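Biologist: I have a model open and would like to learn how to read it. Please take me through some features one at a time.

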Amino acid sequence: MSVLSEDLTPRLVEAVISGELTPGTKLSEPELARRYAVGRGSVREALLRLEGLGLVERLPRQGARVVQLTAEGLTELFAVREALEGMACRLAAVAISREEAESLTRLLDEHQKFVDSQEVYLRQQGEEDFHYLLFKASHNQMLVGLLCDELYQLLRMYRHRLSYRHSDPRLALREHRQILDAVLQGDGELAELLMRRHVARSRNHLLAQFQEEMQ
C-alpha cells in the first residue's frame, strides 16, 4: 500500500513500537522505500527523525538499525523522566488553565470507569494520556518538546515490549489523582514530589519485568 512521504515517519514509529520492526533490525533504505512505495529520500528523512526520537541508532559500518532495549537504557530514560516530569508538574501548578484543569479532571473520571469495569487501564493509554496533557499544562514549550516528542515514543516502545504486566491500575489512578490535586491547589513542590515518586515506582516495576524477561 502506497503512503505519502509525510506519512512515513508516523508509520515507521508505529512499526518500531509495535514490534513489527523488532529491536536490532537493520534498516535498509531501498527495502523500506519499496515496502512503503516512497522515494529513498523520504526514507532517509524519516530514519533521521526516528533517530532523533531514540528509536533508531546508527553504528559504524553497520548503518541504521532499530534501537536495542536494555536495562541500562530503561534506567537512563526514567532518570531523565523523573527530573523533567517533576519539573513539568511544578510549572503546571502555576500555569495550568481552567480548560486544561477541566480536561484532566474529566480524563481521570473516564479512567475511573475503565478501572471500575476492570478493563485494562494502561492499554487504553491512560498512563500516557494523563502525563501528556499534564506536560502541556506546564506551558514550557522546550520542556513539552522534550517530554512529548523526544522521550515519549521511546517510553512507548519499552512499555509495549513489557506490556505493563502485573501493574496495579487502581494505584496508578490514585497517584494520578493525588498529583492532579496538588497541581490544582497550586502546590508545585508537592506536585513535583508526587510525580517523581510515581515515575520512580513505574521505573522499578518495569525494570523488574525487564530483568525477569532477560533471565
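Biologist: Which residues does Ala191 touch, not counting residues up to four places away in sequence?

Modeller: Contact means heavy atoms within 4.5 Å. By that rule, Ala191 touches Cys89, Ile179, Ala182 and Val183, leaving out residues up to four places away in sequence. This is a predicted model, where local features need pLDDT of at least 70, side-chain atom pairs count only at pLDDT 80 or more, and totals for chains, interfaces and linings use all residues. Residues are numbered from 1 along each chain as its sequence is written, and side-chain values use heavy atoms, with hydrogens and water left out.

Biologist: Is Ala191 buried or exposed?

Modeller: Buried means under 20% relative accessible area, exposed over 50%, and partly exposed in between, with a 1.4 Å probe and protein chains only. Ala191 has a relative accessible area of 0%, so Ala191 is buried. Ala191 lies in helix H10 (residues 188-214); helices here are DSSP runs of H or I with at least four residues, numbered from the N terminus. The C-alpha atoms of Ala191 and Gly86 are separated by 7.3 Å, although these residues are 105 apart along the chain.

Biologist: How many aromatic pairs does the structure hold?

Modeller: A pair of aromatic rings is described by the distance of the centres and the angle of the planes. Rings of Phe, Tyr and Trp (its six-membered ring) pair if their centres lie within 6.5 Å; planes under 30 degrees apart count as stacked, over 60 as edge-to-face and the rest as tilted. The structure holds two such pairs. The rings of Tyr132 and Tyr152 have centres 5.2 Å apart and planes at 50°, so this pair is tilted. Tyr132 lies in helix H6 and Tyr152 in helix H8, so the pair ties together parts 20 residues apart in sequence.

Biologist: Which accessibility class does Tyr132 fall into, and which does Tyr152?

Modeller: Tyr132 counts as partly exposed, at 25% relative accessibility, while Tyr152 is buried, at 13%. The other pair, Tyr158 and Phe210, is also tilted, with 6.4 Å centre to centre and 55° between the planes. Tyr158 is in helix H8 and Phe210 in helix H10, 52 residues apart, and the pair links these distant parts of the chain. Tyr158 is buried, with a relative accessible area of 3%, and Phe210 counts as buried at 3% relative accessibility.

Note on methods
Helices (H or I, at least four residues) and strands (E, at least two) are DSSP runs, numbered from the N terminus.
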